[in-house]
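Open the model in your viewer and keep the selection tool ready. This tour moves from one selection to the next.

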Amino acid sequence: SLLGPEMMMSDLSHRKVQAHNREIWEGDLVDLIDALGRKVLYHAGPTPEGKPRTLMVKGHFLASAPALERRFPDASFLTMVREPDKRLQSCINYLRVSPPLLKLGPTPWGWLVHFFMEGEAEYCVLEMAWYTAQTGSRKCVLRFDDYIRDLEGAMTKVYRECFDITELPPHVPIVHAKRHRTNYMIDRSLEQLEVDVVQYRARLAPYYAWCKGQGLEPAEVGDRPRNRASSR
């Protein structure tokens, strides 16, 4: 992260495949998920009812989503979408206080702002395109606002669309646990970071609308056999 914002965009962003990292996203990562998944399922064994277990994988896999879909055509892909403002602010502040490499000090604020503004904007566009595309896999979009307001409804949606389960299993929480909040080491606002929020919202207007449930929905793909994966 100390080689400049363009290098950060090239090497640290998980938004898309590029020529120099294609083998990582489309080969190495997919092979790793496959190997780890097989190992986990083997050691877990069947459910108490004797049925095969379902594998759920969480991670930032949007760049690998097409390759994962090709490897696991029966997978379900789940994402949680939220208006980018808070995520942008959180990411910039978080990386600023991350332990520096080689004792060179923290990454300059301007680099972080450029990296996250451009990277997140491109990620948002690609995420919406992927999750509304007419492809063969099942896709589920969970909105952050719905998750906060109605946990039971949000989890019901996930189990219904990803697992074909209409009633929540008893172990799934339906009420949010009380959060223990702590103060951040640094928490600069977007205004303090000199981010033009109005311009940024205008630039990503379709995505902001999508986060509010006013845009495209995931394509209906009918009844198909499914496995599970997550790309966000």
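Select Arg-38, which is exposed at a relative accessible area of 59%. The model you are looking at is predicted. Is Asp-34 buried or exposed? Asp-34 counts as buried, because its relative accessibility is 16% and the cut-off for buried is under 20%. Arg-38, at 59%, is above the 50% limit and therefore counts as exposed.

**Stop two: from α2 to α3**

Stay on helix α2, which covers residues 22-44. Select Asp-31 and Arg-71. They form a salt bridge, and their closest N and O atoms are 2.7 Å apart. This pair links distant parts of the chain: Arg-71 is in helix α3 (residues 65-71) and Asp-31 is in helix α2, 40 residues apart. How accessible is Arg-71? Arg-71 is partly exposed, with a relative accessible area of 36%. Asp-31 is partly exposed too, at 39%.

Next, select Glu-118 and Arg-203. Their side chains meet in a salt bridge, 2.9 Å from N to O. Glu-118 counts as partly exposed at 26% relative accessibility. Arg-203 counts as partly exposed at 39%.

**Stop four: a network**

Which residues join Lys-157 in a network of salt bridges? Select Arg-160 and Glu-161 along with Lys-157 to display the linked set. In general, side chains of opposite charge can pair when their charged atoms come close. How many salt bridges does the model hold? The count comes to 10.

**Last stop: a nonpolar patch**

Leave the charges and switch to a surface view. Select Val-97, Met-185 and Ile-186. Together they make a nonpolar surface patch of about 280 Å². Where does Ile-186 lie? Ile-186 is in the loop between α7 (151-163) and α8 (197-203). Ile-186 is partly exposed, with a relative accessible area of 30%.

Conventions: Residues are numbered from 1 along each chain as its sequence is written. This is a predicted model: local features need pLDDT of at least 70, side-chain atom pairs count only at pLDDT 80 or more; totals for chains, interfaces and linings use all residues. Side-chain values use heavy atoms; hydrogens and water are left out. Patches are made of residues with over 30% relative accessible area and no salt bridge: like charges are joined within 9 Å, nonpolar side chains (Val, Leu, Ile, Met, Phe, Trp, Tyr) within 5 Å. Accessible areas come from the Shrake-Rupley method with a 1.4 Å probe; for residues, only the protein chains shown count as cover. A salt bridge is a side-chain nitrogen of Lys or Arg within 4 Å of a carboxyl oxygen of Asp or Glu. Helices (H or I, at least four residues) and strands (E, at least two) are DSSP runs, numbered from the N terminus. Buried means under 20% relative accessible area, exposed over 50%, partly exposed in between (1.4 Å probe, protein chains only).
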